[in-house]
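Please take a moment with the sequence and the model before reading on. The notes below move from one residue to the whole chain and then to its surface.

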Amino acid sequence: MIRRPPRSTLFPYTTLFRSREAEEAAARAKLEAKKEPDLRKKPKDADEEPELDIKKEELSKLSKRKLKMLNQLSIAELKQHVTRPDVVEMHDVTAKDPKLLVILKSTRNTVSVPRHWCFKRKYLQGKRGIEKPPFNLPDFIKKTGIMEMRQALQEKEDQKTMKAKMRERVRPKMGKIDIDYQKLHDAFFKWQTKPRMTIHGDLYYEGKEMETRLREKKPGDLSSDLRNALGMPTGPNSHKVPPPWLIAMQRYGPPPSYPNLKIPGLNSPIPDNCSFGYHAGGWGKPPVDEMGKPLYGDVFGTAGGEYHQPIMEEEIDRTLWGELESESESESEEEEEEEDEAAGESMEQEEIDRSGLATPSDGGLITPSGLSSIPAGMETPDMIELRKRKIESEMENIDAPSLYTILPEKKNDRIGTAMMGSTHIYDMTAAMPGRVRPPGMGGGADGGVEVALDPSELDMDSAAMAARYEQTLREQQNQLEKEDLSDMVAEHTAKQKNKRKRAAGQQDSGRATKKYKDFKF
């Protein structure tokens, strides 16, 4: 069973309110109201009474379709009842609730049902014989040269014989199109552009691609086809030839649909090296009044800024509908309102004080003798300093510990007998505050010796400090000489020797077994 499509363009919304009993009652009341004058008349003959009974029975026996047609509004009545009669269509009166339907259609951002729902022929039936154009690659993919490569490969495939094609099918070759991957990466991640998207509610219908895109057309711009149709020249100097409707505009005024359109020769100056007149290539007569002043704009190009005032655009509220305000914004608004109320109250109080109708009571009673009711020494100071300057000054004088310490690098010529010896060493005395370096005893960047001192030995003289330095240096040299690594070297050599023996034994056994493995019957 094939279902008939709904009669309304917004059929999902027409099932909101359904009441068959109410419709039938309204239809009966409407019919009775039409027939009421005839029923009120007294019948002249007794034969008319059964006729009235027959008519009432006919009203009660009306079908639902006839009741629906009687209860249905006309298009003119529906247009009178709604605020947007321009959106009313001929099939809107067949809806369950036509007024609600028109309100929904007139609501902003409403997307209507596609118009082909009520067409008798199938969708896109007229495009059956039209050849579908091939897919056009975007410009950022065309710039990689992939189309030329595929074209050359296709020409090469066409030149092959059937035998070569069958061989290629059995054993296909890979990597025929060799393209630089850097080009592909740049094309998709660097030069890729966003495709043109449709706006909200822009649905496709049959023949939409054949229509002229009016967004790309601007009033006053003449295309080359229109210039050829009007007999106007085309080329670089075509703007110096006036359009044929300029004379009529100078006589009757500019078009009212485009009040801000600048038309040369009417409300803007004509191009250079052109003149007014009715000769060939002339720009007619400029529209001026009795005093010689332009009527519609600066047609001579001599006026100052009076004709170039910016046009005030209508302010449009583009805030999102139903957006919730944040708590911080609401709090700030409440604070501003409280401040405004406090300021208003203070202004009212000042006006009352100036008028002399109120006695000031906040600051104490002021007597005519000049004595104040506030006792001496209890006056409020002009400024109270709550910060303690002494603590701040003490905190500024305290030296804060440094977050890090830079260790100076030294170069040592002697590696010594240490196993992990190096010519680069770092001076750790800067990072150890308890260690003190003897002045003048290797404290430079050329190398030094660390000397540990007790707090009681900080007052030593230079001779004692030099003796302590020599003793520490002697102990370090003795420690380096005593370090013996012969045991570690012998152990390492033995391990390497055993490892070599094991590897050689595995190699010999592998060769012996390989002879039997290579043998075949």
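In which loop is Ser238 found? In this predicted model, Ser238 lies in the loop between helix 10 and helix 11, the latter spanning 246-252.

**Ser238 and its surroundings**
- Ser238 has a relative accessible area of 11%, and because buried means under 20%, Ser238 counts as buried.
- When neighbours within four places in sequence are left aside, the residues in contact with Ser238 are Arg227 and Pro233.

**The protein as a whole**
- The protein has 521 residues, of which 13% count as buried, and its secondary structure comprises 15 helices and two strands.
- Among the contacts in the protein with a separation of 6 or more, 48% are accounted for by residues 24 or more positions apart.
- The accessible surface of the protein comes to about 45700 Å², and carbon and sulfur atoms hold 54% of that surface.

**A nonpolar surface patch**
- Tyr123, Leu124 and Tyr204 together make a nonpolar surface patch of about 250 Å².
- Tyr204 belongs to the loop between helix 9 (181-189) and helix 10 (224-230), and its relative accessibility of 35% makes it partly exposed.
- Leu124, another member of this patch, is found in the loop between helix 5 and helix 6, and with a relative accessible area of 30% Leu124 is also partly exposed.

**Positive phi values**
- Leu124 is not a glycine, yet its phi is positive, at about 60 degrees.
- Asn109, likewise a residue other than glycine, has a positive phi near 65 degrees.
- The place of Asn109 is in the loop between helix 5 (98-106) and helix 6 (139-142).
- Is Asn109 buried or exposed? At 53% relative accessibility, Asn109 counts as exposed, because that class takes in values over 50%.

Notes
Residues numbered from 1 in each chain as written. Predicted model: local features only at pLDDT ≥ 70, side-chain atom pairs only at ≥ 80, totals over all residues. Heavy atoms only, no water. Patch = residues over 30% accessible without salt bridge, like charges linked within 9 Å, V, L, I, M, F, W, Y side chains within 5 Å. Areas by Shrake-Rupley, 256 points an atom, 1.4 Å probe, with all protein chains shown as cover. Salt bridge = Lys/Arg side-chain N within 4 Å of Asp/Glu carboxyl O. Helix = DSSP H or I, 4+ residues; strand = E, 2+ residues; numbered from the N terminus. Buried < 20%, exposed > 50% of the residue type's maximum accessible area, 1.4 Å probe, protein only. Contact = heavy atoms within 4.5 Å.
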